[in-house]
Amino acid sequence: MSATETPLTEMALRPDGGSREGKLISVRANFFAIPQLPVDTIWHYDVAITPAIPPEKARRLWKVIEEMPEIAKYKTVFDGRCNAYASTELDFNENQGITRQVDLPDPSGPPPNASTSSSARRNAFTVKISRVAVIDLRELHRFLQRDGPLTNACMTAIQALNVVMTHKLFSEQVSVGRSAYTPNNAQDLGGGVEKWDGIFQSIRPGQTQLFANIDIASAAFIKGGNAAGLMAEIKRVRHLDELRRPNAITSRDFQTFHKHFRTCSFTVTHRGGNFKKSYKVAEVSMTSADKITFQQTLKDGSKTLMSIPQYYQQAYGLRLQFPFLPCIGVKGRESSLYFPAEVCVIQIGKRYTKRLNEEQTSNMIRGTCIRPQDRADKIIRNIRQLDISRNEYMREFGLRFENELAVVPARILPPPRIEYARKLMVNPQDGSWRLDPSKKMYIGQRLESWGILVFEDEMRFGRHLVHSFVRELTSTMSENGMNVVKREPPILYAQANKVEGNVDLMWSTIERSCNASPQLILVILPSVCQTYSAIKAYGETTTDGKMTQCVLSNKVRKVNKQYCGMLGLKINTKLGGINSTLARDSIPFVTDTPTMVIGADVTHPSAGEARPSVVAVVGSMDEHAYRYAGRLQIQDVRCEVIDRLKYLVYELVAAFVMRNGVRPKRILFYRDGVSDGQFAQVMRDEVQAVKDACRHMDPEYNPPITFCVVKKRHHARIFPMHSREADRSGNCQAGTVVDSVITHPTAFDFYLQSHGGLQGTSRPTLYHVLLDENRFSSDALQALTFRLCHVYSRCPKSVSIVPPVYYAHLLAYRARHYQSHEFSDSASTHSGGSDANYVSFQISDKLKNYMYFI
């Protein structure tokens with residue numbers, strides 16, 4: 001391209017025609033080709049609805065709007081918010097648009113023609129429709145053919161086509177994001193929650209044409225039914241009578257009920273079958289129905305204090321069976337109106353957005369674990385159920401797609417050789433290799449001053465159990481290459497006081513017993529609980545710095561050599577050792593020149609949590625890209641772009657210099673969790689921040705940077721065509737890479753399935769390069785990324801995402817434990833320069849450059 005030509009994209013361009021390394025195969029992908037672009041133009045309209053309503057209600061209102069004379073003759077689609085699209089111009093003045101009063105029929109209340117009723121007033125809306133733009137699809141066509149840039153008009157066109165494809169299904173089912181769900185075949189997850197199956201749909205640009213990315217989807221929804229029965233499920237009792245005894249329902253239970261049902265819709269049963277009015281839960285009472293009283297006006301005008309059970313007995317002749325349960329509250333004019341739980345029927349369709357508990361998570365995994373071939377077959381069945389030929393909206397726009405999975409070329413990259421001590425080389429099979437005494441750790445550390453802190457009752461969890469576990473652990477670590485000097489470390493059972501006191505006592509006990517500075521406390525816990533959070537927060541955010549390794553007591557009871565082997569890998573890494581590495585000729589980009597590999601992630605609080613977001617950045621500290629140091633900070637909640645990244649990177653580069661005596665000559669940055677729409681902002685802010693960090697160290701320091709976004713939250717799946725090209729789980733083999741047909745027309749991106757499958761259908765990782773000053777070829781970056789996935793310290797396997805991103809996940813998760821323990825003590829204001837003033841976690845200087853977080 002000449003200097004005068006317009007660049008096709010602001011991001012890094014694909015440097016060549018794609019990969020050539022590895023074995024060439026074909027795979028199927030859940031992408032369905034759109035053979036040609038539909039109509040040449042799409043008319044874009046703004047839809048303003050007053051008062052504002054949620055998308056699901058707006059879609060019901062649109063069904064009424066569709067009958068308006070100006071729109072009825074066209075099949076116009078609507079996104080549930082403010083955008084409508086038509087294949088031809090609508091019949092009204094383009095400058096003024098149209099404004100109409102529209103009544104929404106309410107199946108649960110009086111009809112809209114009852115204009116004097118409050119119900120009718122609540123369902124009357126002012127709708128204004130005005131033209132925004134005419135979308136020219138020829139611009140999108142030029143982009144797909146690589147004859148033009150990816151413009152805002154192209155993105156708007158793809159957005160419009162997505163609405164065309166999803167409009168009908170989203171109008172008929174419950175939509176969440178780009179997926180539509182149905183309660184058919186719902187699976188109970190426990191605790192008043194159930195799994196719904198759905199269909200994911202998205203139009204994606206491929207090379208030379210568009211594709212419909214179709215996948216199966218699953219989500220948790222609040223279970224419908226009688227509220228009293230659901231409370232029994234949440235409490236995990238077989239019958240509500242078990243809750244009749246005093247204090248059976250605690251204050252925490254009342255809070256749990258409130259959080260579970262709040263904003264759900266419900267109907268009532270005590271008014272008869274013809275009363276179908278729907279209410280929305282504003283609260284769940286913090287006490288039982290029989291303890292709620294109110295002033296009731298009698299027929300003679302006098303007032304009396306009456307309880308909820310008394311009122312229902314008098315007004316409806318209904319004797320409450322479960323007056324010990326809380327009430328469901330709705331907003332009244334002056335105060336809440338309460339309904340006994342037993343007369344309330346929770347309606348289905350409300351998504352459960354809170355974190356699933358252990359039982360629910362286990363049930364969800366079992367319900368969504370589908371073998372690759374079964375998943376592909378189910379996707380095909382879903383395509384047929386969509387019955388595209390009868391979708392009048394898609395037909396109106398001329399949009400159609402093939403009903404078979406796309407067949408795309410792929411390559412299986414050869415695995416790297418894994419190196420252990422004494423230059424022992426191992427060849428992985430299906431993304432893994434065995435851990436046994438014949439493979440000694442590349443660098444096994446010396447363990448001479450450590451102890452065991454037990455948070456269990458000594459009567460129930462005797463010392464013989466601890467001794468047996470320690471014997472197996474020390475034996476296994478020694479066999480695998482560590483130098484375990486202290487084979488019988490001191491054992492201390494925690495006292496009934498603060499966690500900090502127990503940790504300090506253990507630390508001083510180790511110092512006296514071993515006559516050396518303590519290296520590690522092995523902590524035995526009954527579960528991952530608040531004690532775990534307190535131990536990690538105290539041990540890692542105080543000045544002294546105390547390295548800990550926690551294990552669950554049930555693992556100690558059942559001594560297992562394989563578990564001890566994996567535990568030894570973590571301990572050796574935390575002490576600064578190297579379990580295994582890659583043969584030096586495997587990653588010359590890292591080994592030949594001082595290079596830093598960086599991983600970064602931003603994690604956000606769960607829905608309803610009032611906590612900030614956490615930024616975690618890790619950087620490699622050695623020529624093996626094995627040892628990493630990490631840095632943390634917090635920033636505004638839900639802010640995805642990293643603020644003050646400059647100072648985090650500066651600290652990591654400074655740590656690299658302190659360890660190696662030289663600055664990294666080049667930087668490879670893997671960034672997790674960025675959506676397509678944020679690429680431009682990340683280029684502008686984060687890529688520039690990395691450059692600024694280097695110049696902050698020295699104005700002349702300007703190492704070449706490759707910045708690559710790592711994406712796991714997508715719905716692309718690849719399926720082997722033949723069993724000989726699959727692994728034992730039926731998935732594509734580790735090292736399968738796709739970088740053509742379904743990838744970006746011009747940008748440097750690729751799908752890499754770097755791990756061996758265990759169960760279910762593996763998800764490949766999408767890598768998208770935003771900046772590439774190191775001038776990688778497709779082969780070079782794909783091979784380097786795949787090989788780095790074999791340098792993960794916690795197990796002898798290749799992992800699904802490149803390890804620095806994995807470590808950033810672990811570090812950010814560790815910060816959540818600091819927050820849940822005592823946020824104010826674990827964070828501090830840090831100044832990193834003249835314009836820096838941000839909040840970071842104050843990790844001990846003794847630990848911050850070690851991998852304490854794995």
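Reply: A cavity here is a set of grid points where a 1.4 Å probe fits but cannot get out, and a lining residue has an atom within 4 Å of such a point. The model is predicted, and the description below applies to that model.

The structure holds 1 cavity of 30 Å³ or more. The volume of the largest cavity is about 150 Å³. Its lining is made of 19 residues, and those nearest the centre are Tyr420, Trp433, Asn579, Ser580 and Cys795. Sorted by class, the lining has 12 nonpolar, 6 polar and 1 charged residues.

Isoleucine 578 sits in the loop between helix H16 (561-574) and S30. Isoleucine 578 is buried, because its relative accessibility is 0% and the limit for buried is under 20%. Its C-alpha is 9.8 Å from that of valine 791, although 213 residues separate isoleucine 578 and valine 791 in sequence.

S30 itself belongs to an open sheet of 3 strands, ordered S23-S22-S30, with antiparallel pairing. Strand S23 (425-426) and strand S30 (581-582) are the edges of that sheet, since each pairs on one side only. Between strand S22 (residues 418-419) and S30 the antiparallel pairing runs over 2 bridges.

For comparison with an open space, the second largest pocket holds about 470 Å³. The pocket is lined by 18 residues, with Phe294, Ser335, Ser336, Leu337 and Tyr338 closest to its centre. Strand S16 (293-297), helix H8 (308-316) and strand S19 (337-340) contribute at least two lining residues each. H8 gives the largest share, 4 residues. The class counts for this pocket lining are 10 nonpolar, 5 polar and 3 charged residues.

Packing elsewhere can be described through the largest nonpolar core, which has 86 residues, with Leu632 and Tyr670 making the most contacts inside it. Helix H21 (residues 803-826) supplies the largest share of this core, 8 residues.

Charged contacts are the remaining topic. Side chains of opposite charge can pair when their charged atoms come close. The structure holds 38 salt bridges. In one of them, aspartate 544 and lysine 546 meet through their side chains at 3.7 Å, N to O. The two partners fall into separate accessibility classes: lysine 546 is buried, because its relative accessible area is 3%, while aspartate 544 is partly exposed at 44%.

Another salt bridge joins the side chains of aspartate 698 and arginine 663 at 3.3 Å, N to O. Arginine 663 is partly exposed, with a relative accessible area of 30%.

Lysine 691 pairs with glutamate 773, and their closest N and O atoms are 2.6 Å apart. The link is between distant parts of the chain, because lysine 691 is in helix H19 and glutamate 773 is in the loop between strand S39 (765-772) and helix H20 (778-788), 82 residues apart. Lysine 691 counts as buried at 13% relative accessibility, whereas glutamate 773 counts as partly exposed at 32%. Salt bridges that share partners also join Asp188, Lys223 and Glu233 into one network.

Arginine 381 lies in helix H10 (residues 372-386) and is partly exposed, with a relative accessibility of 45%. From arginine 381 to asparagine 403 the C-alpha to C-alpha distance is 9.7 Å, and the two are 22 residues apart in sequence.

To return to the request: Tyr420, Trp433, Asn579, Ser580 and Cys795 lie nearest the centre of the largest cavity.

Terms used:
Residues are numbered from 1 along each chain as its sequence is written. This is a predicted model: local features need pLDDT of at least 70, side-chain atom pairs count only at pLDDT 80 or more; totals for chains, interfaces and linings use all residues. Side-chain values use heavy atoms; hydrogens and water are left out. On a 1 Å grid over the protein atoms alone, a cavity is a set of points where a 1.4 Å probe fits but cannot get out, and a pocket is an open set with protein on both sides within 12 Å along at least five of seven lines; lining residues have an atom within 4 Å of a point. Grid points are joined across faces, edges and corners, and a volume is the space filled by probe spheres set on the points. Ala, Val, Leu, Ile, Met, Phe, Trp, Tyr, Cys and Pro count as nonpolar, Asp, Glu, Lys and Arg as charged, and the others, Gly among them, as polar. A salt bridge is a side-chain nitrogen of Lys or Arg within 4 Å of a carboxyl oxygen of Asp or Glu. Buried means under 20% relative accessible area, exposed over 50%, partly exposed in between (1.4 Å probe, protein chains only). A nonpolar core is a set of buried Ala, Val, Leu, Ile, Met, Phe, Trp, Tyr and Cys residues joined through side-chain atoms within 4.5 Å. Two strands pair if DSSP finds at least two bridges between them.
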